[in-house]
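Biologist: Please put the model up, and then I will ask about a few local features.

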Amino acid sequence: CMGCGACASVCPSGAMGFQFPRVSRRGDQLRALLAAYREAGGQDACIVFHNGTDGRDLLASAAAAGRGLPARAIPLESWHVASTGVDLLLGAVALGANQVAVLSAGSEAPEYSQSLRAQMALAQSILAGLGYAGRHFALIETGDAAAAVAALEALAPATVPATPAAFALSDDKRTAVEFAVEHLARHAPAPVAEIALAAGSPWGEVVVDRQKCTMCLSCAGACPEGALMDGGDTPMLRFLERNCVQCGLCERTCPEDAITLKARLLLGPPAREARVLNETQPFHCVSCGKPFGTRQMVDAMLGRLAGHSMFSEPAALKRLQMCADCRVVDMMSNKNEVSVLKL
């Protein structure tokens with residue numbers, strides 16, 4: 001590991017975290033830097049992230065040439081620019097930056113550029129969905145000082161909140177994005193309840209076809225983020241959208257193909273409140289009356305096995321409607337039951 005932080009920037013859940021510096025520490029730097037810039041009369045600050053090797057040398061060459069960077073461009077060195085994720089991009093805008101540019105002077109591998117473009121596209125779609133006009137993020141890939149300066153000069157100021165946020169960025173990725181989005185939504189030119197995102201984005205909902213769902217709850221068992229949950233003693237499937245990372249495990253696990261994913265960013269309290277996706281009445285054992293499954297699950301099982309030779313007798317089908325204990329008792333008490341002990 002070279003400590004580039006690319007894994008942390010693309011990780012949808014925040015399981016991977018970048019430590020040099022942490023996002024919270026970077027947020028402190030941004031807040032102090034932007035406050036000082038505003039107090040000095042500066043406007044439309046453009047944060048320019050660059051590395052400490054060829055990126056720093058490129059900026060030094062631009063300064064030595066006499067032209068230098070545009071007055072509103074504020075360089076901020078990173079250990080590696082690939083660590084710039086959506087949490088830092090949106091956080092910087094919420095804290096008062098007008099734009100964020102990332103300078104890639106040539107030492108970065110193509111894969112890093114791809115991840116940076118993806119993170120910028122995601123952040124830009126969120127800002128556009130809230131009605132903020134203009135281009136807020138730019139990846140500048142050049143090893144030429146004059147070209148880098150020209151690219152920064154070509155960036156026209158974008159629309160951002162008039163009031164910068166005062167909160168500290170969190171080291172938890174999704175919490176940092178949540179705080180930033182809440183601030184941006186509060187001052188949005190076009191307030192909305194949700195923002196449509198491209199497929200594969202790390203936010204969204206799980207849509208369940210209730211006609212197909214048998215309430216087997218295999219999706220809840222497969223969910224790694226606790227976004228899908230059961231109802232305890234009640235046959236129920238609940239969903240907490242704030243936790244969903246759109247990984248697709250639930251969709252691939254569902255034996256009935258009853259699940260589809262819909263990428264979006266739900267805003268406000270509804271995203272933090274669990275809602276019911278499906279529920280049903282429990283099925284009670286026909287022998288002892290104990291609940292052991294759901295009506296949909298038992299009906300589906302009977303429908304699929306009714307034509308099987310092993311269940312051609314009514315007694316065999318009835319046994320499918322019994323709990324595990326009663327099923328064993330019925331098999332042992334039935335003299336006509338096929339047994340390996342009689343072979």
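Biologist: Which residue caps the N-terminal end of H6?

Modeller: This is a predicted model, in which local features need pLDDT of at least 70, side-chain atom pairs count only at pLDDT 80 or more, and totals for chains, interfaces and linings use all residues. Residues are numbered from 1 along each chain as its sequence is written, and side-chain values use heavy atoms, with hydrogens and water left out. A side-chain oxygen lies 3.3 Å from the backbone nitrogen of alanine 146, and a polar contact is a pair of N or O atoms within 3.5 Å. The cap at the N-terminal end of H6 is aspartate 144.

Biologist: How many disulfides does the structure hold?

Modeller: A disulfide here is a pair of cysteine sulfur atoms within 2.5 Å. The sulfur of cysteine 254 is 6.1 Å from the closest cysteine sulfur, in cysteine 216, so it is too far for a bond. The number of disulfides is 0.

Biologist: Which residue in E9 stands opposite valine 206?

Modeller: Strands E6 and E9 (residues 259–266) run antiparallel and are joined by 5 bridges; two strands pair if DSSP finds at least two bridges between them. Opposite valine 206 stands leucine 261.

Conventions. A polar contact is a pair of N or O atoms within 3.5 Å; within protein, one must be able to donate a hydrogen and the other to accept it, and residues adjacent in sequence count only if both atoms are side-chain atoms. Helices (H or I, at least four residues) and strands (E, at least two) are DSSP runs, numbered from the N terminus.
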